[in-house]
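Let's take a friendly walk through a protein structure, one feature at a time. Have the sequence and the 3D view ready as you read.

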Amino acid sequence: MTWMQYLAPLLKGAQVTVMISLASIFFGAILAFAAGIARTSSNRVLSGIAFVYVVLFRGTPLLVQLFWFYYALPLIGISFDPVTTGITVLSLLTGAFGAEVVRGALLAVPPAQLEAARALNFSKSYTLWHVSMPQAIIEMMPAFGNLAIQNLKDTALVSLISIADLTFQAQSLRNITLDSATVYTLTLVGYFMIALCLMFVMRFIEMKLRRGPAFPRSAHS
Amino acid sequence: MTSIIRFENVTKRFGALTVLDNFNFEVQRGEKVTLIGPSGSGKSTVLRILMTLEPFQEGLLEIDGISYHEPNGRGPFKASEKHLHKIRSNVGMVFQSFNLFPHMTVLRNIVEAPVAVLKMKRDEAESRATELLRMVDLYDKKDHFPSQLSGGQQQRVAIARALAMRPRVLLFDEPTSALDPQLVGEVLGVIRNLAQEHDLTMLLVTHEMRFAREVSDRVCFFDKGRIVEQGGPEQFFSNPQQPRTREFLSSFLGEQAPSRESLRRVQ
Ligand SMILES: Nc1ncnc2c1ncn2[C@@H]1O[C@H](COP(=O)(O)OP(=O)(O)OP(=O)(O)O)[C@@H](O)[C@H]1O
Ligand SMILES: [Mg+2]
C-alpha cells in the first residue's frame with residue numbers, strides 16, 4: 001500500500017470528523033447562548049441551573065463524559081447510537097465553555113449602555129437582544145474561534161466510543177499497515193487543514209460583524 | 001399646586017453612606033430647575049432616582065401623581081417592572097457621557113425606542129426623528145454612526161433621542177461636562193431652545209453658572225444631600241443668603257480657571 005491508498009479511508013474518517021465537529025459546534029453555540037444568557041439572568045432558578053451545567057461540564061474530563069454517556073447512561077435505560085452520543089457530549093462541553101464566553105461578553109457591555117436603554121424604557125429582553133447582544137457578540141468572536149478549534153481537536157476522542165472518525169480510521173490503518181509514520185503524519189495534516197478552514201470561517205464571520213464604522217477597530221483591539 | 005415631581009422625606013443610602021437624608025423637593029409642571037453644588041453632594045443621585053436607575057430606602061416620591069412605590073405592590077419600596085415602565089414613560093434623561101448606542105446609526109438611535117416601546121409606526125417615527133434632527137441641526141448626519149460624530153454632535157443626538165419619547169420631565173446630568181470647551185456652546189444652544197417649551201419640565205445639573213442664570217426659573221444649591229439655598233436665578237446669584245452658597249459661588253468665579261472659561265463662553 002502506498003500513501004496514496006491511505007487517503008480513501010482517511011478522507012472517509014475526515015468526513016465523519018467534520019460532520020461531528022460542525023454539528024457539535026452548532027448545538028454547542030445554541031447551548032452557549034442559552035446558558036450564558038441564563039447565567040446573567042436575575043432569575044435565580046435559571047441562573048442556578050446554568051451554573052450547575054457549566055461547572056459540571058467544565059470540571060470533568062471529556063473522555064469520562066463520553067464513557068459515562070455511552071456506557072453508564074444505558075444502565076438506567078437511556079441509550080443512543082455512538083454518533084448521537086458523541087455529538088451530544090461534545091455539544092454540551094463546547095456549550096459549557098461557550099457559556100462563559102457569552103456571559104463574560106455580556107457583563108462587559110458598559111453599564112452606561114444599559115442605563116440609556118432603561119431611560120428609554122426598553123424592556124429587559126429588548127435591551128438584551130438589541131443593545132447588549134449586538135455589542136457583546138463581536139467581543140465573543142475571538143474566543144469562539146478558539147473554542148471551535150478546541151472542539152475539532154476534542155472530536156478525536158470519539159474514536160474511543162467506536163465512531164469511525166479520522167483518528168479511528170488512522171488507528172485501523174496503522175494496525176493493518178504498521179506504517180505509523182506515514183499514517184499519523186497524514187492524520188496530523190488532515191486535522192490541521194480542517195482547523196485552517198475553521199479558523200478562516202470564524203475570521204470571516206468576525207470581520208463581517210466588525211465591518212462598518214460602528215465599531216472602529218481602535219476601540220476594540 | 002400642580003407639582004409634577006415631589007420628594008417627601010426621601011432617604012437614599014449606599015451601604016453605610018447616606019446620600020439623601022429626609023430629602024424634600026418639589027418641581028412644578030413646566031418649571032426649569034437647575035441643581036448646582038459641589039462634587040459628591042448627591043445631584044446625580046436625585047436624577048438617577050427619578051429615572052429609576054437607583055432605588056431609595058425611605059420616603060415618598062411621586063411623578064405626575066404616580067408613586068414610585070407601587071400601590072399594593074410587593075413590599076413598600078419595590079415596584080414591578082410594569083409599574084417602573086409606567087413611571088419611566090414620563091421621564092427622559094440626557095447623560096454626561098451621551099450613551100448613544102454605538103451599533104446604531106444616528107437615525108436608528110432616535111427611532112428605536114418610539115418604535116419598540118411606544119409602538120409607533122416606523123415611518124411616523126422617522127418623520128418625527130427627522131424633525132428632531134433638524135431641530136438639533138444634525139439632519140445631514142442621520143446615517144452616521146456615533147463614533148463618527150464629535151462629542152457635541154453626539155450630545156445633541158442624545159437630546160433628540162430623549163425627546164423622541166415625548167417625556168414630560170427631562171433630566172440633564174452635566175450635559176456639557178464631557179465636552180471640549182469649543183463644543184459646549186452648541187449643546188447649550190439646544191438646551192436653551194428647549195427651555196422655551198412651556199410644557200416641558202426640566203431638571204438640570206450643571207456647572208455652567210451663567211447658563212443656569214439665563215435659563216432657570218429656580219436654582220437650587222445642593223450640599224451634602226440637602227438643598228441649602230434656592231431661589232430665582234437673579235436673586236440667587238446676585239444676593240445669595242447662606243455663607244456656604246457664597247463660598248461655593250465665589251470658588252467658581254475665583255480660582256477655577258476652566259469654570260471662568262465656561263462663564264465667558266455662554267454670555
Ligand atoms: N453606586 C454607588 N455606590 C456607592 N456610592 C455611590 C454610588 N453612586 C454615588 N455614590 C456616592 O454618593 C454620593 C453622591 O454622589 P452623586 O453622584 O449623586 O454626586 P454628584 O453631586 O452628582 O457629584 P458630581 O458633581 O461629582 O457628579 C457620593 O459620595 C458618591 O461617592
Ligand atoms: Mg454627578
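## Two helices packed in chain A

Start with helix α1 (residues 3–40) of chain A and helix α2 (residues 44–58) of chain A, which pack at an angle of about 125° with their axes 7 Å apart. That angle makes α1(A) oblique to α2(A). Keep in mind as you look that this is a predicted model. An angle and a distance are given together here because two packed helices are described by the angle between their axes and the distance between the axes.

Which way do the helices cross, left-handed or right-handed? The crossing of α1(A) past α2(A) is left-handed. Now find the residues that meet: from α1(A) come Leu31(A), Ala35(A), Ala38(A) and Arg39(A), and from α2(A) come Leu46(A), Ser47(A), Ala50(A), Phe51(A) and Tyr53(A). Sorted by type, the residues of this contact are seven nonpolar, one polar and one charged.

## A sheet in chain B

Next, turn to chain B. Here you will find an open sheet of four strands in the order β2-β1-β4-β5, with antiparallel pairing. The edges are taken by β2 (17–28) and β5 (66–67) of chain B; each has a single partner strand, so one side of each is left without a neighbour in the sheet. As a reminder, strands of a sheet pair through backbone hydrogen bonds, either parallel or antiparallel.

For a look at one pair, follow strand β1 (residues 3–14) of chain B beside β2(B): they pair in the antiparallel sense over eight bridges.

Finally, look at the backbone. Most residues other than glycine have a negative phi, and most peptide bonds are trans. Asn99(B) sits in the loop between β6 (91–94) and α3 (106–116) of chain B. Is Asn99(B) buried or exposed? With a relative accessible area of 7%, Asn99(B) is buried.

Glu174(B) also has a positive phi, of about 45°, and is not a glycine. Look for Glu174(B) in the loop between β7 (169–173) and α6 (181–194) of chain B. The relative accessible area of Glu174(B) is 14%, so this residue counts as buried, the cut-off being under 20%.

Conventions
Residues numbered from 1 in each chain as written. Chains lettered and ligands numbered in written order. Predicted model: local features only at pLDDT ≥ 70, side-chain atom pairs only at ≥ 80, totals over all residues. Heavy atoms only, no water. Buried < 20%, exposed > 50% of the residue type's maximum accessible area, 1.4 Å probe, protein only. Axes fitted to C-alpha atoms, helices over the stretch in contact; angles between N-to-C directions. Parallel < 35°, antiparallel > 145°, perpendicular 65-115°, else oblique. Left-handed = near helix turned anticlockwise from the far one by under 90°. Contact = heavy atoms within 4.5 Å. Nonpolar A, V, L, I, M, F, W, Y, C, P; charged D, E, K, R; others polar. Pairing = 2+ DSSP bridges.
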